[in-house]
Amino acid sequence: MKNHFGKGLMAGFTAAGPCPVKVPARFCAEYKRGYVLGYCYQLEQKTGEKRVAALEAGRLTKQYNLDRNLMTEFFTEFQSDNAVRYFNIGYTGK
């Protein structure tokens, strides 16, 4: 069994920016979830801003057509209502 999530996570850790929509379309949802989380983690490390990373995670979740509830669980596990709020703002664009 292949670890698509882990491969996506590692790709996201090293990415200079988010992938254009056409690139992730050829990958499975597990890979894309890992990519988004890896990319947003390194974005938080670079900027020092959790809300920036949460906004970007929400935006990419919608852009890559990922399950919103599944991605939101990542933030609720850390009991960060503020991060969930920014994730939802990024997802809805409001």
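This is a predicted model: local features need pLDDT of at least 70, side-chain atom pairs count only at pLDDT 80 or more; totals for chains, interfaces and linings use all residues.
**View 1. Helices α4 and α5 pack against each other.** Helix α4 covers residues 68-76 and helix α5 residues 81-92, where helices are DSSP runs (H or I, at least four residues) numbered from the N terminus. Their axes, lines fitted to C-alpha atoms over the stretch in contact, lie 9 Å apart at an angle of about 155°. That makes α4 roughly antiparallel to α5 (angles over 145 degrees, on a scale from 0 to 180 degrees between N-to-C directions). On the α4 side, R68, M71, T72, F75 and T76 make the contact (heavy atoms within 4.5 Å), and they meet A83, V84, F87, N88, Y91 and T92 of α5.

**View 2. Helix α3 and its buried residues.** Buried here (under 20% relative accessible area, 1.4 Å probe, protein chains only) are A53, A54, E56, A57, G58, L60 and T61. Their cover includes α2 (29-47), α4 and α5. After α3 comes N65, with a positive phi near 60°.

**View 3. A closer look at E56 in α3.** E56 has a relative accessible area of 13%, so this residue counts as buried. Leaving out residues up to four places away in sequence, E56 touches P18, Y39, C40 and L43.

**Notes.** Residues are numbered from 1 along each chain as its sequence is written. Local features need pLDDT of at least 70 and side-chain atom pairs count only at pLDDT 80 or more, while totals for chains, interfaces and linings use all residues, and side-chain values use heavy atoms, without hydrogens and water.

How values were computed:
Helices (H or I, at least four residues) and strands (E, at least two) are DSSP runs, numbered from the N terminus. Angles under 35 degrees count as roughly parallel, over 145 as roughly antiparallel, 65 to 115 as roughly perpendicular and the rest as oblique. Buried means under 20% relative accessible area, exposed over 50%, partly exposed in between (1.4 Å probe, protein chains only).
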